[in-house]
Amino acid sequence: MTVGLSHYLLVSAALFSLGVLGVLTRRNAVNVLMGVELILNSANINLVAFSRFGAGNLNGQLFAVFVIVIAAAEVAVALAIVLTLYRLRRTPNLDEADILKG
Amino acid sequence: MTIEAAVFWALAALTVGSAAVVVLARSLIYSAFALLFTFFGVAGLYVLLGADFLAATQLLVYVGGILVLLLFGVMLTHKLYDLDLRSEVTQFAPALIVAAGVFVILAATAVKTEWATASPRPPAPTTRSVGELFLGDFLLPFEAASILLLVALMGAAMIVRRRRDA
């Protein structure tokens, strides 16, 4: 059997749904960040697979490099927020960050 | 089964299995190290797809940068004397239903659609072509990404700074 486009799309769909499960179920902020990274990686696999099988150019790979850059910037800022939150509330759990709740 | 198919299934199993461990593990450190294997699996899939520069970038930035930052985050958000790095799970059943629904929809779309595929080119080194695209057609996003990184760096440093007057 030759490995085609739909195989890569299935792998990326599995990664995406596992990332969504991680974001929805975890209380710890760093765990939620790991779920978001899984979602970004699944989108990257989609981009590169379409670049190889569909388009004749490398635009998909370039887009994926930009996604990696943005993911790095996002993790830095998100961890800054998590650390500040931990300093304030002494807990890394996201559902205890309810200071603004009326 | 050809060698390429065997390698693909091995890498897919590594990636999806490690992602399952990331999401379902009890301890935070197990999740972080399973994420490492997920990134390696994804880099292997990039090599199979002929994206060698992207695979190297993935390893350098994701494993060498983002994973190290996440491990710092894990270590800095727990009390030092309390080494029980357990992570709690809330509302597992509804989230499982939602995630399974998302997977079914995406998988059905992936398998049933008649994608307009051309036969793939033979794999070639992509570093030179990607570099020419960065400094040619995609110069503006490239410069914008540099500014984004600068702003993110400054923003993260400002958020985490200890204020003297607080």
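Predicted model: local features only at pLDDT ≥ 70, side-chain atom pairs only at ≥ 80, totals over all residues.
I'll start with the contact between the chains. Chain A puts in 60 residues and chain B puts in 70. On the chain A side, helix 1 (5-25), helix 2 (29-53) and helix 3 (59-89) each give at least two residues. Helix 3 of chain A has the largest share of that side, with 21 residues. Sorted by class, the chain A side has 43 nonpolar, 13 polar and 4 charged residues.

Next, the core. The largest nonpolar core holds 59 residues, and those with the most contacts inside it are A:Leu15, A:Val30, A:Ile45, A:Val48, B:Tyr46 and B:Leu70. Helix 1, helix 2 and helix 3 of chain A each give two or more residues to this core, and from chain B so do helix 1 (3-24), helix 2 (28-48), helix 3 (52-76) and helix 4 (92-112). Here the largest share, 11 residues, belongs to helix 2 of chain A. As general background, nonpolar side chains in soluble globular proteins tend to be buried together.

Take A:Val30 from that list. What does A:Val30 touch, leaving out residues up to four places away in sequence? In its own chain there are A:Val82 and A:Pro92, and across in chain B there are B:Leu28, B:Leu70, B:Gly73, B:Val74 and B:Thr77.

Now helix 3 of chain A. It has 31 residues and runs 44 Å from first C-alpha to last, close to the 45 Å expected at 1.5 Å a residue. Its buried residues include A:Leu62, A:Val65, A:Ile68, A:Leu79 and A:Val82. The cover over the buried residues of helix 3 of chain A includes helix 2 of chain A, and from chain B helix 3, helix 5 (127-134) and helix 6 (139-160). Just past the end of helix 3 of chain A, A:Arg90 has a positive phi of about 60 degrees.

One residue of this helix as an example: A:Ile68. Is A:Ile68 buried or exposed? A:Ile68 has 21 other C-beta atoms within 10 Å, and the cut-off for buried is 20 or more, so A:Ile68 is buried. A:Ile68 is 28 residues from A:Leu40 in sequence, yet the two are 8.1 Å apart in space, C-alpha to C-alpha. Not counting residues up to four places away in sequence, A:Ile68 touches B:Thr57, B:Gln58, B:Val61 and B:Tyr62.

Two helix pairs to finish. Helix 3 of chain A packs on helix 6 of chain B at an angle of about 10 degrees, with the axes 9 Å apart. These two helices are therefore roughly parallel to each other. Among the residues that meet are A:Phe66, A:Ile70 and A:Val77 from helix 3 of chain A, and B:Leu148, B:Leu149 and B:Ile159 from helix 6 of chain B. This contact has 18 nonpolar, 2 polar and no charged residues.

The second pair sits inside chain B. The axes of helix 2 and helix 3 of chain B come within 8 Å and cross at roughly 170 degrees. Angles over 145 count as roughly antiparallel, so helix 2 and helix 3 of chain B are roughly antiparallel to each other. Their contact includes B:Leu28, B:Phe39 and B:Tyr46 of helix 2, and B:Gln58, B:Tyr62 and B:Leu70 of helix 3. The residues of this contact divide into 19 nonpolar, 1 polar and 1 charged.

Note on methods: Residues numbered from 1 in each chain as written. Chains lettered and ligands numbered in written order. Contact = placed C-beta atoms within 7 Å. Helix = DSSP H or I, 4+ residues; strand = E, 2+ residues; numbered from the N terminus. Nonpolar A, V, L, I, M, F, W, Y, C, P; charged D, E, K, R; others polar. Core = buried A, V, L, I, M, F, W, Y, C linked by C-beta atoms within 7 Å. Buried ≥ 20, exposed ≤ 12 C-beta atoms within 10 Å, placed from the backbone. Expected span 1.5 Å × (residues − 1). Axes fitted to C-alpha atoms, helices over the stretch in contact; angles between N-to-C directions. Parallel < 35°, antiparallel > 145°, perpendicular 65-115°, else oblique.
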